[in-house]
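Please keep the model open while you read.

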Amino acid sequence: PATDVYFAFDPERNATYLYSDNETFMQDLGYHENLDAVDIVPKEGYVELFVELIEGHVYAINTPDNNFAKIHVRELYEDAVLFDWAYQTDPGNVQLAPSLKRP
């Protein structure tokens, strides 16, 4: 019940989807080389129930408590999704800073 999004593979469509059933909104922002290519997410244009996941795409997420996040899908499998992510702790703030560069 506390999960904002989850994924599932649909064998009939041979596609993986990101789902929400708690009023979390999602938006496909298209193909990007990496997570840092998107540093601001939109305030509008989200869908509520599901989006199809595509390798290389970045997805914006707006949680029920109005926190924004993003994920970059690196790899898709029938039973797993490998992704990078960022989460904005300041409600309503659409700015998602690039990741910290580690030595």
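Predicted model: local features only at pLDDT ≥ 70, side-chain atom pairs only at ≥ 80, totals over all residues.

Residues are numbered from 1 along each chain as its sequence is written, and side-chain values use heavy atoms, with hydrogens and water left out.

The protein chain has seven strands and zero helices; here strands are DSSP runs of E with at least two residues, and helices are runs of H or I with at least four, numbered from the N terminus. The C-alpha atoms fill a box of roughly 40 × 35 × 25 Å along the principal axes. Of the 103 residues, 34% are buried (under 20% relative accessible area; exposed is over 50% and partly exposed lies in between, with a 1.4 Å probe and protein chains only).

Now to the loop between strand S5 (57–62) and strand S6 (68–76), where Pro64 sits. Asn66 belongs to the loop between S5 and S6 too, and has a positive phi of about 65° although it is not a glycine.

| Residue | Relative accessibility | Class |
|---|---|---|
| Pro64 | 46% | partly exposed |
| Asn66 | 35% | partly exposed |

What does Pro64 touch, leaving aside residues up to four places away in sequence? Its partners are Asp4, Asn22, Glu23 and Thr24, a contact being heavy atoms within 4.5 Å. Glu23 lies in the loop between strand S2 (15–19) and strand S3 (25–31), and its phi is positive, near 70°, in a residue other than glycine.
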